[in-house]
Amino acid sequence: MEPITLEIPSGEDIAESIINYARHRQVSLTVLSGFGPISSVTLAPNLSMEGPFQMTSLYGTYINADCDDVPPRFIANPPHSSFSVVFTDNDGKVFGGIVGGEVIAADVVYVNVVIVNGFDFDVVDDDGSTQSDSD
């Protein structure tokens, strides 16, 4: 694993920037944290909100299907990326949820990721034991 901090410039879609970075480097990654000002966000299912907001947390995973031995069911359902975000407005109200569209940086946003060079997919049985999933 390789830790990296990404600097996302103002006006850019944060989730799209993360995915484009992973695709360009041909890696999968896990987002550990993200913070900074955002101007708008779309949460699933199709809830768009206009800021200004302060993003206090961003986390999730992008599995690059082109570079890992990923069982097909993990690519089709759920999609191969999922990000969650928590943010506050100027009154201190806290919002959050699953990213369902754009998250636009209002200024520079920092995202801490870990590059993953491969995933192990295991099935956890009812008794807690595991077995390798090699679909």
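## Overall make-up

Of the 135 residues in the protein chain, 38% are buried. The model is predicted. Its accessible surface comes to about 7700 Å², and carbon and sulfur atoms account for 50% of that area.

The protein chain contains two helices and eight strands. Along the sequence these elements follow the pattern β-α-β-β-α-β-β-β-β-β. Among contacts in the protein chain with a separation of 6 or more, 70% are between residues 24 or more positions apart.

## Strand β2 and its partners

Which strand pairs with β2 over ten bridges? That strand is β3, residues 47-62, and the pairing is antiparallel. One of the residue pairs is T30 with its bridge partner T61 in β3. The two strands, β2 and β3, form a hairpin with three residues between them. In the turn, N46 has a positive phi of about 60°.

Strand β2, residues 28-43, also runs antiparallel to β6, residues 109-116, and seven bridges join these two. Here S28 has V116 in β6 as its bridge partner.

A further antiparallel pairing links β2 to β5, residues 94-105, over four bridges. In this case I38 has A105 in β5 as its bridge partner.

In a regular strand, side chains alternate between the two faces of the sheet.

## Aromatic rings

How many aromatic pairs does the structure hold? There are four. Ring pairs also join F53, F87 and F95 into a cluster.

Terms used
Residues numbered from 1 in each chain as written. Predicted model: local features only at pLDDT ≥ 70, side-chain atom pairs only at ≥ 80, totals over all residues. Heavy atoms only, no water. Phe/Tyr/Trp six-rings, centres within 6.5 Å; stacked < 30°, edge-to-face > 60°. Pairing = 2+ DSSP bridges. Buried < 20%, exposed > 50% of the residue type's maximum accessible area, 1.4 Å probe, protein only. Contact = heavy atoms within 4.5 Å. Areas by Shrake-Rupley, 256 points an atom, 1.4 Å probe, with all protein chains shown as cover.
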